[in-house]
Amino acid sequence: MPVELGYWSLRGLGEPCRLLLRYTETEWTDAAIPLSEEGKDMWFKEKKHNLGLDFPNLPYMLDGDVKLTQTLAIMRYLGRRFGLSPSEADMAKGDLLEQYLMEVRIGLSMVCYSSADQFEGKKAEFIGKLAGRVEELGKFIGAGPYVLGEEITYVDFLALEFIDHVAAFSPDHFKEGPLVDFVNRMKDLPALKKFYESDDCTHKSYSINSPMAQWPGWPKKE
């Protein structure tokens, strides 16, 4: 049975898992849930409590008897399954970076899902700290080519997608530099390049956040 990955039909917290699976070029099932009343009913009434998940949530992953939720738990599992875990020497740095990336992404979510009257204030606060975060991440990744050096790991797919989210939110912070170079290198990997350039690339239609967010992050029209 192929791996099944379930998440809403948007990028959000599920897309790093999808990107990793696309990179492996193995068979997997993209169980995308439509952003519609029918989709919500399918998840909340039919699937959420009937998949055998210990902590029912999205994203979820099914791989035989292994049933997981939580983005980082899924990414770590897929890293082990596909030989994309950090080496013993790099494990601590990998743990550190994945947590830092998640912190940045949660910070963006708190802005985007804030109330209408708080959005501009929270946006200004987030962007006010962004130059420092970009500098820290750029220094950490350096020339790469991957976030932990010469070997690609699951953490690279977290970094690729979450940096992409923040870059879409504040493009002025991502005109050049190590993070831009890193994202471009990742997107140029053959399996990912094939996805990004395909007519079926969901990044051409999916929003980054829910359409109900103050900033959904819809793709730019070409």
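**Rings, charges and a helix pair**

Hi everyone, let's start with a lysine: Lys93 lies over the face of Phe140, at 5.0 Å from the ring centre. Please keep in mind that this is a predicted model.

There is another charge over a ring, too. The charged end of Arg22 sits 3.9 Å from the centre of the Phe195 ring, over that ring. Phe195 also has an aromatic partner, Tyr196: the two rings are tilted, with 5.3 Å centre to centre and 55° between the planes. Phe195 and Tyr196 are both buried.

How many aromatic pairs does the structure hold? There are 6, and one of them is Phe169 with Trp215, an edge-to-face pair at 5.0 Å centre to centre and 80° between the planes. This one links distant parts of the chain: Phe169 belongs to helix α6, residues 154-169, while Trp215 is in the segment after α8 (190-197), and the two are 46 residues apart. Both Phe169 and Trp215 are buried. Together with Phe126, they form one aromatic cluster.

Last stop, the helices. Helix α3, residues 71-81, packs with helix α4, residues 91-112, at an angle of about 145°, and the axes are 12 Å apart. Is the crossing of α3 and α4 left-handed or right-handed? It is right-handed. On the α3 side, Thr71, Leu72 and Arg76 make the contact; on the α4 side, Glu98, Gln99 and Met102 do. By type, the residues of this contact of α3 with α4 are 2 nonpolar, 2 polar and 2 charged.

Key. Residues numbered from 1 in each chain as written. Predicted model: local features only at pLDDT ≥ 70, side-chain atom pairs only at ≥ 80, totals over all residues. Heavy atoms only, no water. Phe/Tyr/Trp six-rings, centres within 6.5 Å; stacked < 30°, edge-to-face > 60°. Helix = DSSP H or I, 4+ residues; strand = E, 2+ residues; numbered from the N terminus. Buried < 20%, exposed > 50% of the residue type's maximum accessible area, 1.4 Å probe, protein only. Lys NZ or Arg CZ within 6 Å of the ring centre and 35° of its normal. Axes fitted to C-alpha atoms, helices over the stretch in contact; angles between N-to-C directions. Left-handed = near helix turned anticlockwise from the far one by under 90°. Contact = heavy atoms within 4.5 Å. Nonpolar A, V, L, I, M, F, W, Y, C, P; charged D, E, K, R; others polar.
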